[in-house]
Every structure is written in C-alpha cells, then in structure tokens.
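Me: I would like a close look at one part of this structure, followed by some other local details. Please keep the wording plain.

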Amino acid sequence: MNAHYELPLEDAGYSFGFLDEYAKKEVRRCILKAIAIPGYQTPYASREMPMGRGFGTGGLQLTLSLIGADDTLKVIDQGSDDSVNAVNLRQFVQLTCPGVAVTEKTQEATLIQSRHRIPEKMLTEQQILVLQVPYPDALVVVEPSEARRKVMHGEADYSRLLVKLYEDVVRFDEITISHRYPTRLNGHYVIDPSPIPRWDVPRLHQSPALVLLGAGREKKIYAVPPYTVAEPLVFDDIAFRVEDFRDANGQRIACRCCGSTVSFLDELIDDAGNVTHQCSDSSYCEEEQETISARKQA
Amino acid sequence: MKNEMTMVEVDIWHPAQQQQMFRSLLDAFSYPGRIQTCSQQAEPSLALLAALLDGQTTLSDPQDMLEESIWPKLEAQRVPSELAAFVLLDGSHAPEFVPSLGTLEEPEGGATLLLRVASLHDDDSAVLRMRLSGPGIREAVSISVDGLHQDWIDARNDWVSSFPLGVELVLCDAKNFVALPRTTRIEIGGAA
C-alpha cells in the first residue's frame with residue numbers, strides 16, 4: 001500500500017472498519033451459523049474490497065466485522081509479521097479502524113488474522129484466529145459440481161475423498177497432501193483448513209480459541225469452534241504424520257536463529273546452495289532469541 | 001422517563017454498541033452454556049435483535065412482545081414463525097409451531113429462536129436443570145432456568161436430531177443470555 005494514501009473523506013467518509021453496517025451484520029449472522037454448524041461453508045455476499053480477491057479479502061472481511069476499538073490485532077503471512085500481505089492488511093485495518101492496537105506478539109493479540117500458519121504459541125479462549133482461505137471446499141478435487149458437493153457434505157459422504165487418499169497410498173506408500181489437509185469436524189463436515197502445513201492441523205483439535213475461516217473469492221465462511229473434535233482424514237492402519245524435521249542422522253534440525261527444536265521450520269537455500277532452517281513463526285523465533293540472550297546476561 | 005427511554009434506544013442502535021453485543025453473542029455461541037451479561041441497559045433480547053437484524057432478514061414475533069415502534073428500526077421483514085430466520089418468543093408458553101430447520105444442502109436456513117425466560121443460573125438453583133455437552137464445551141456444564149417450558153427443550157432436541165438440520169436457541173432473561181446451538185447436547189434434569 002502507498003504510504004501516503006489517504007481514504008477519500010470529503011464525501012460521506014467511511015464507517016469504522018470500512019465495511020458498511022449492513023455488510024458487517026451479514027457477515028456476523030453467517031459467522032454465528034458457521035459456529036453452530038462446525039465446518040459447514042456458509043455462503044455470504046463477499047463485498048468488493050479495495051484489494052484483489054485472493055489477497056486475503058475473506059479473512060479481512062471477517063476481521064473488519066469482528067473488530068472493535070478495544071481489540072489488539074496481529075496479522076501474519078506464512079508465520080511472518082513483516083511480509084507484504086501481512087503489512088498491507090495490517091495498515092489497512094489501522095487506517096480504517098481508529099483506536100485499534102496492533103501487535104506482533106501472539107499472546108498480546110485478541111484477534112489474529114493469518115495466512116497459511118497457526119502461531120506456534122498456544123492460543124487462549126480470549127483470542128480469535130481468522131484464517132484466509134483460497135479454496136474452501138475439500139471435495140473440489142473429486143467433484144466439480146458445487147450442487148453435488150453440497151449434497152455430499154450434507155450427507156457426510158466423503159467416500160470419494162477417501163478413495164483419493166487410498167490411491168496416494170497405493171502409488172506412493174504415503175498420503176501426499178502437504179498442506180490443506182482435509183480435516184473432519186465433530187464427526188461430520190470435512191473442511192479444507194486453508195493452506196496450513198500438516199504441522200498445524202492437530203492444533204485445531206480441541207483448540208481453546210475460536211478459529212474462523214474466510215474465503216473472499218469463493219464467498220464462504222466456516223468455523224472450527226473451540227473445544228471441538230478435529231480429526232485429519234486417515235485410515236485406521238495409516239496414522240497421520242506431521243512434517244519430519246530430522247536430518248540424515250535422525251537428529252532434529254534446530255532453527256539457525258533461536259536454536260528451537262520444537263517449532264515448524266522453513267528451509268532456506270542460499271546462493272551457494274547451502275541449506276539452512278529457520279522458524280517459520282517470526283514472532284516466536286524473536287522471543288526465543290530474547291529469552292536466550294536474557295539467560296546469557298543473567 | 002422519556003429521556004431515559006431515548007438513551008436506551010440510542011445505545012442499542014449505535015454501531016459500536018452493536019459490535020460489542022455481537023462479540024458477547026459470539027462468545028455465547030463459541031462456548032455454549034456460558035451465561036453472558038448484557039453490557040447495555042436494554043433487555044438482551046432486544047439488543048441482540050438490534051445487533052443482528054437488517055432489511056435482508058426475517059423476523060417473527062407471534063406473541064407481540066415487540067412494540068410496534070421498534071419494527072421500523074429493526075428493518076426486518078415480518079413473516080410467519082414457520083418461515084422466519086429469527087423468532088422472538090415467550091419461553092413460558094409451550095411451542096406451537098415448527099420453525100425452519102434448514103435443508104441438507106443449506107442447513108444455515110435453520111432458525112434462531114430468542115426465548116425470553118424469567119432467569120438464568122449457572123448452577124442448579126432454578127426449576128429446569130439442563131446438562132450441556134458438545135462442541136465449545138470442554139467438560140459438561142449445568143445451567144438452570146426459571147420460566148422456560150420444558151416442551152421447548154424436548155421439541156428442540158427433536159428438531160436437532162438429524163444434524164446438520166436444526167435450530168439455535170438463545171435464552172434471554174432481563175440482563176443475561178446464553179446460546180444453545182444445534183450441536184449442543186442437552187439433557188434435562190442432569191445432576192451436576
């Protein structure tokens with residue numbers, strides 16, 4: 001976003017949160033139904049936003065409908081507070097919601113909008129996580145017609161999705177889905193949990209915090225309510241696995257910055273071809289580094 | 001008196017107040033069985049309707065609990081109870097209709113029923129005791145209600161029996177409210 005951009009205030013001006021109250025009310029009513037029917041993709045109008053669909057407009061509309069002047073917002077993109085998408089969205093909220101505080105620290109936030117990651121730190125009941133979703137329907141890989149997919153979802157008929165997973169096992173001895181892993185909520189609806197890595201999927205299960213998912217282009221809102229059963233779709237004899245960060249010797253790879261061996265790592269390859277690893281959650285990594293340097297000084 | 005009334009109305013029609021009201025309701029839906037206190041001077045049932053409704057939604061008030069002057073402000077379309085997205089009711093009378101339950105493909109069509117009751121308690125002190133479990137509830141909790149006809153819970157349990165179809169209940173007394181989404185399992189008289 002252009003740093004000098006100002007909202008045109010000379011006409012009627014914009015209301016708090018950019019969206020008009022009718023738009024917010026519609027999103028709010030959809031959020032309530034989405035919580036009441038865990039995993040059901042509730043359709044909503046998805047208003048035009050001053051940014052292209054696919055840049056987090058679904059998450060942004062959720063955030064703007066939820067936020068109040070006493071909220072503290074954190075926006076992350078792939079775990080980072082400083083990437084372009086996160087900075088743009090955060091600036092837009094600051095511009096349109098006067099009084100809202102922003103933070104990079106997970107534990108200080110009351111509202112967290114995220115693209116493709118769940119923060120490493122355990123969320124609490126006082127927090128709401130909003131995830132941006134590009135493709136909301138887990139069934140789209142096996143059924144092109146939305147009308148038929150809606151029937152399949154209603155009947156909790158996921159046999160064709162299981163066949164797809166079975167074919168993976170037959171061909172590759174492993175389920176090859178790396179992110180957007182289909183996850184079943186409360187024993188009924190299967191959701192696409194947005195492109196979070198497998199690492200984050202178990203953290204949807206019995207989460208103390210409400211998780212809301214918004215797809216702006218596909219015009220859907222769905223939710224993982226707190227303390228809800230969320231199970232990745234698997235077979236009885238093939239267990240769900242998260243990413244394996246062990247090196248050739250079976251040693252867990254540590255973050256090159258903070259040395260953490262319990263976080264989700266990004267693989268970085270420099271010009272010389274050397275491979276290093278670093279925490280994907282930048283706020284977690286910085287805090288670990290601060291803890292280490294504080295310990296050294298003590 | 002008139003001034004006081006105006007003040008109350010100013011409150012619940014203000015967008016910032018409606019946002020706060022919605023966040024309380026969001027907590028109520030996220031954690032069913034947790035009794036929320038309405039931060040406003042108005043009755044929770046009216047403040048919730050003000051926060052949620054606009055011209056796109058439908059409301060039914062079969063027992064004429066709303067003053068006629070409120071309707072234009074709510075903007076909602078007046079329809080029969082069987083079709084309405086929101087229904088405002090007196091919980092002390094037994095149910096006399098079947099609300100919209102949604103369809104298999106579009107379960108969000110299930111109605112939200114706001115039931116006015118005498119009082120809500122987070123212990124076993126009132127007449128109708130309910131034990132709640134399900135999504136949003138870590139360990140089963142008990143609440144009790146005065147002024148709610150038991151047929152409501154029996155009928156509701158019937159309406160939500162084929163998930164994803166069902167209705168959401170919001171029980172409101174003079175100051176507090178609690179949400180019972182369709183996923184919540186309600187056992188009547190369950191000992192704590």
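In which loop of chain B is Asp64(B) found?

Reply: The model is predicted. In it, Asp64(B) sits in the loop of chain B between strand E2 (58-60) and helix H4 (71-74). Its phi is near 50°, which is a positive value in a residue other than glycine. Asp64(B) has a relative accessible area of 61%, and it therefore counts as exposed, since the cut-off for that word is over 50%.

His116(A) can be set beside it. Phi of His116(A) is near 70°, again a positive value in a residue that is not glycine. This residue also lies in a loop, the one between strand E4 (111-115) and strand E5 (128-132) of chain A. His116(A), however, is buried, because its relative accessibility is 13% and buried means under 20%.

Another loop of chain B, between helix H5 (150-159) and strand E9 (168-172), holds Pro164(B). The peptide bond that joins Phe163(B) to Pro164(B) is cis, with omega at about 10°.

Chain B also has helix H2 (residues 15-30), which is made of 16 residues. From first C-alpha to last, helix H2 of chain B reaches 22 Å, close to the 22 Å expected at 1.5 Å a residue. Among the buried residues of H2(B) are Met21(B), Phe22(B), Leu25(B), Leu26(B) and Phe29(B).

On chain A, Asp82(A) is in the loop between strand E2 (72-77) and helix H3 (84-96). Together with Glu104(A), Glu286(A) and Glu290(A), Asp82(A) forms a negative surface patch.

Key
Residues numbered from 1 in each chain as written. Chains lettered and ligands numbered in written order. Predicted model: local features only at pLDDT ≥ 70, side-chain atom pairs only at ≥ 80, totals over all residues. Heavy atoms only, no water. Patch = residues over 30% accessible without salt bridge, like charges linked within 9 Å, V, L, I, M, F, W, Y side chains within 5 Å. Areas by Shrake-Rupley, 256 points an atom, 1.4 Å probe, with all protein chains shown as cover. Salt bridge = Lys/Arg side-chain N within 4 Å of Asp/Glu carboxyl O. Lys, Arg positive; Asp, Glu negative; His and termini not counted. Charge placed at Lys NZ, Arg CZ, Asp CG, Glu CD. Helix = DSSP H or I, 4+ residues; strand = E, 2+ residues; numbered from the N terminus. Expected span 1.5 Å × (residues − 1). Buried < 20%, exposed > 50% of the residue type's maximum accessible area, 1.4 Å probe, protein only.
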